[in-house]
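Dear colleague,

Please find below the structure I said I would pass on, followed by some notes on what was found in it. I would be glad if you could read the notes with the model open beside you.

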Amino acid sequence: MSIKVWPKSERPREKLLQHGAESLSDAELIAVMLGKGVRGKSAVAVAHELLNELGCLRGVATASKEKFSTITGVGPCKYAQFQAGFEIYKRNLEIKLKRQDVFNNVDDTKRYLQAKLRDCEREKFALLMLDSQHQLIAFRTMFNGTINSAAVYPRELIKQVMIDNAAAIILVHNHPSGVAEPSHADIRLTSEIKNVMASIDVPVLDHFVVGDKETISFAQRGLLT
């Protein structure tokens with residue numbers, strides 16, 4: 001049955017306008033993004049197919065174009081809309097960090113880093129470049145690696161710090177395995193980078209490891225020795 005013949009109180013778009021986006025189910029949110037269904041299937045029905053195929057709302061937001069397009073009625077244009085929506089969400093988180101002390105707002109920083117790195121299939125090593133007020137200048141992906149490692153060259157980090165004129169930095173990398181627990185290699189690398197950055201008077205304020213369900217802060221763990 002077409003959504004147009006549903007009672008207005010049950011139509012996803014009208015529910016959102018009257019009660020807010022938080023009142024919608026995952027399928028209804030996806031239906032609003034889709035805009036319309038296909039012959040014989042409402043937008044909500046297509047949304048349920050996406051959820052069944054991709055597992056959850058997170059799976060829909062982070063799916064590859066090929067996987068997303070396996071559902072009839074959702075091709076490249078719809079995929080582009082979803083990716084744009086997810087990017088708006090990430091950039092909104094970044095704006096907050098550019099207006100506040102990143103080092104003292106660990107929860108907001110973790111949410112931002114999870115959005116950036118949690119669903120990456122390969123390990124990435126990045127820097128949060130901070131100004132003298134510890135507000136975000138930029139997020140820089142410095143090295144891309146394999147499923148379980150990324151080679152890191154401190155000399156390249158120094159070059160980028162100088163280009164951005166950063167007053168302090170925070171290190172971050174993801175564990176594609178999903179387990180955020182820092183390894184001995186992570187701890188050794190952090191110490192090495194701290195020593196290198198000390199030579200140009202740029203402190204390393206923290207190192208975050210992003211996993212599937214949690215993001216661990218070295219500073220909170222007392223690992224920044």
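**Notes on the model**

Glu28 is found in helix H2, which covers residues 26-34; helices here are DSSP runs of type H or I with at least four residues, strands are E runs of at least two, and both are numbered from the N terminus. This is a predicted model, in which local features need pLDDT of at least 70 and side-chain atom pairs count only at pLDDT 80 or more, while totals for chains, interfaces and linings use all residues. Residues are numbered from 1 along each chain as its sequence is written, and side-chain values use heavy atoms, with hydrogens and water left out.

Glu28 counts as buried because its relative accessibility is 13% (buried means under 20% relative accessible area, exposed over 50%, and partly exposed in between, with a 1.4 Å probe and protein chains only). Leaving aside neighbours within four places in sequence, Glu28 is in contact with Glu10, Pro12, Lys15 and Ser23, where contact means heavy atoms within 4.5 Å.

Gln83 has its place in helix H6, residues 76-97, and is partly exposed because its relative accessible area is 26%. Once its neighbours within four places in sequence are set aside, Gln83 is in contact with Ala61 and Ala63. Between Gln83 and His173 there are 90 residues in sequence and 22 Å in space, C-alpha to C-alpha.

H6 also packs with helix H7 (residues 106-117), at an angle of about 150 degrees and with the axes 10 Å apart; the axes are lines fitted to C-alpha atoms, for helices over the stretch in contact, and angles run from 0 to 180 degrees between N-to-C directions. H6 and H7 are therefore roughly antiparallel to each other, a term for angles over 145 degrees. The contact is made by Phe86, Tyr89, Lys90, Leu93, Glu94, Lys96 and Leu97 of H6, together with Asp108, Thr109, Arg111, Tyr112, Ala115 and Lys116 of H7. These residues divide into 6 nonpolar, 1 polar and 6 charged, where Ala, Val, Leu, Ile, Met, Phe, Trp, Tyr, Cys and Pro count as nonpolar, Asp, Glu, Lys and Arg as charged, and the others, Gly among them, as polar.

Thr141 lies in strand E2, residues 136-144, and counts as partly exposed because its relative accessibility is 38%. Apart from neighbours within four places in sequence, Thr141 is in contact with Lys124, Phe125 and Ala126. Thr141 and Val172 are 31 residues apart in sequence, and their C-alpha atoms are 9.2 Å apart in space.

Note on methods: Parallel < 35°, antiparallel > 145°, perpendicular 65-115°, else oblique.
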